[in-house]
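Please keep the structure in view while reading.

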Amino acid sequence: MKTSLFAIALGLITSVATLAPAPLVAAEAGRENKIDETSQFIFHSVLEGLYEDGLTNDDVAQILMRREKESYFHFIYACPVCNATIWALEAYQSRPAAFYGLKLGGSTFGGGLSKELHDQLYSQEPAQRLTAINALVKSWIERRMKRLRLSADEQKALVKQLELKREEGMKMLESFRKKEHGENFGVSQAAPAYADLTECAVCNAAAGRPMKLPEQPPKQGK
Ligand SMILES: [Zn+2]
């Protein structure tokens, strides 16, 4: 009896320590979730923020910005934080044009970006756009974290996981930047906005950090 009570107590502690409640049904064999909870947290934070702030599809296209033979302009290829953010942006972008049964039309909630953020996101200067993206993602992550009402220990654990993913992203960026310009899949293809930068706007946002711009202004008009 004692053992079983202990096992139940341990089970409760384990379930409290994770972000997601236990699923209602056991996963089918071969269909277990392979996406870790921290990536899911980033995904949900971004998706929720996009709906809540009511970004337009043009805004999302501007954030994603993809040119021929390049990965997403403002993101780092294979960075775990960037990837989870891209999944949410793509999911939001492919939502229906109108909510079912709503005569008013539209399929989002918020009123759109402030003029200040809008101007920054549509700037010709990549560093300005990255600053806007950093501000958006940072506020979305902070909002969801607050809503989860985590205990101090749970919040500490989540922040640590986000920091670890950020470090992975930094390593990816560093390896792309080490490659010569023009070399196959160097920084100009794998992380086009980051030729002059050492920190990822999105990774910094996830870890609660502001955008880090270079001391010397980067080349214009990329
Ligand atoms: Zn990143």
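Is the crossing of α3 and α4 left-handed or right-handed? The crossing of α3 and α4 is left-handed, a term that applies if the near helix is turned anticlockwise from the far one by less than a right angle, whereas clockwise turning makes a crossing right-handed. This is a predicted model, in which local features need pLDDT of at least 70 and side-chain atom pairs count only at pLDDT 80 or more, while totals for chains, interfaces and linings use all residues. Residues are numbered from 1 along each chain as its sequence is written.

**Overall fold**

The chain holds nine helices and zero strands, and its pattern along the sequence reads α-α-α-α-α-α-α-α-α. Helices (H or I, at least four residues) and strands (E, at least two) are DSSP runs, numbered from the N terminus. Of the 222 residues of the chain, 29% count as buried; a residue is buried if 20 or more other C-beta atoms, placed from the backbone, lie within 10 Å of its own, exposed if 12 or fewer do, and partly exposed in between. Among the contacts in the chain with a separation of 6 or more, 70% come from residues 24 or more positions apart, where a contact requires C-beta atoms, placed from the backbone, within 7 Å.

Helix α4 covers residues 80-93, and its 14 residues should span 20 Å at 1.5 Å a residue, which agrees with the 20 Å between its end C-alpha atoms; the expected span is 1.5 Å times one less than the number of residues. This helix is mostly covered, since ten of the 14 residues of α4 are buried, including V81, C82, I86, L89 and Y92. The cover over the buried residues of α4 includes α2 (37-53), α3 (57-64), α6 (126-147), α7 (152-178) and α9 (201-206).

The axes of α3 and α4 come within 10 Å and cross at roughly 150°, which makes α3 roughly antiparallel to α4. Their contact is made by N57, V60, I63 and L64 of α3 and by L89, Y92 and Q93 of α4, and by class it has five nonpolar, two polar and no charged residues. Axes here are lines fitted to C-alpha atoms, for helices over the stretch in contact, and angles run from 0 to 180 degrees between N-to-C directions. Angles under 35 degrees count as roughly parallel, over 145 as roughly antiparallel, 65 to 115 as roughly perpendicular and the rest as oblique.

Helices α4 and α7 pack at an angle of about 105°, with their axes 7 Å apart, and are therefore roughly perpendicular to each other. This contact is made by P80, V81 and C82 of α4 and by K165, R166, E168 and G169 of α7; by class it has three nonpolar, one polar and three charged residues. Ala, Val, Leu, Ile, Met, Phe, Trp, Tyr, Cys and Pro count as nonpolar, Asp, Glu, Lys and Arg as charged, and the others, Gly among them, as polar.

**Helix α6**

The 22 residues of α6 should span 32 Å at 1.5 Å a residue, and the end C-alpha atoms of α6 are 32 Å apart, which agrees. Its buried residues include L130, I133, L136, W140 and I141, as well as R129 and K138, and the buried residues of α6 pack against α2, α3, α4, α5 (115-121) and α9. Just after α6, R149 takes a positive phi of about 45°.

**Loop residues**

Most residues other than glycine have a negative phi. In the loop between α3 and α4, M65 and K69 have positive values, with phi near 30° for M65 and near 60° for K69. A78 also has its place in the loop between α3 and α4, whereas F185 lies in the loop between α7 and α8 (187-190).

| Residue | C-beta neighbours inside 10 Å | Class |
|---|---|---|
| M65 | 17 neighbours | partly exposed |
| K69 | 7 neighbours | exposed |
| A78 | 15 neighbours | partly exposed |

Definitions and conventions:
Two residues are in contact if their C-beta atoms, placed from the backbone, lie within 7 Å.
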